[in-house]
Amino acid sequence: MKKTLIIGASNNPERYAYKAADRLLSHGHEIELLGLRPDTVFGKTIDTEQKKFENIDTVTLYIGPQRQPEYYDYIVSLNPKRVIFNPGTENDEFEQLLSTKGIIAEEACTLVLLGTGQY
């Protein structure tokens, strides 16, 4: 299973980041959560600090491109295999940077990938 960091995590059931956390867990994936407000979702803490999580396979983004630059170095430092740019988070600059570091930048929807068995 793929350990996934959700950036833009939320405790709001209406948010796609919340739905992704729920669906990832139901598919047996381990998750880490990073968001603006501290909270607990599905028994996991939403961290507000950029912690050095170990063995992150995938980072899935739920923050817009205007907020992403502050995460560039952090995400690269985690050395994930891929970063998923969910709809509305596409960012050519960041995608190119990831590519130069050997990290796959994938414009996709985490929920669709899980639902179609392509995660």
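The accessible surface of the protein comes to about 6300 Å², and 46% of that area belongs to carbon and sulfur atoms; the areas come from the Shrake-Rupley method with a 1.4 Å probe. The model is predicted: local features need pLDDT of at least 70, side-chain atom pairs count only at pLDDT 80 or more, and totals for chains, interfaces and linings use all residues. Residues are numbered from 1 along each chain as its sequence is written, and side-chain values use heavy atoms, with hydrogens and water left out.

**The whole chain**

Begin with the complete protein in view. Along its principal axes, the C-alpha trace spans about 35 × 30 × 25 Å. Four helices and seven strands are present; these are DSSP runs (helices H or I, at least four residues; strands E, at least two), numbered from the N terminus. Read along the sequence, they follow the pattern β-α-β-β-β-β-α-β-α-β-α. The radius of gyration is 13 Å, close to the 14 Å that the globule rule gives for 119 residues, so the protein is as compact as a globular protein of that length. That radius is taken over C-alpha atoms, and the rule is 2.2 Å times the number of residues to the power 0.38. Of the 119 residues, 47% count as buried (under 20% relative accessible area, with exposed over 50% and partly exposed in between, for a 1.4 Å probe and protein chains only).

**The sheet**

Next, select the strands. They form an open sheet of seven strands in the order S3-S4-S2-S1-S5-S6-S7, with mixed pairing; two strands pair if DSSP finds at least two bridges between them. At the edges lie S3 (39–41) and S7 (104–107), each of which pairs on one side only. Neighbouring strands are turned by 25° against each other on average, direction ignored (axes are lines fitted to C-alpha atoms, for helices over the stretch in contact, and angles run from 0 to 180 degrees between N-to-C directions).

Now select residues 4–7 and 58–61: these are S1 and S5, which pair in the parallel sense over four bridges. Leu 5 has Val 59 in S5 as its bridge partner.

**A loop residue**

Finally, select Glu 70, in the loop between S5 and helix H2 (72–78). Is Glu 70 buried or exposed? Glu 70 is exposed, because its relative accessible area is 51%. Select Ser 26 as well: Glu 70 and Ser 26 are 44 residues apart in sequence and 30 Å apart in space, C-alpha to C-alpha.
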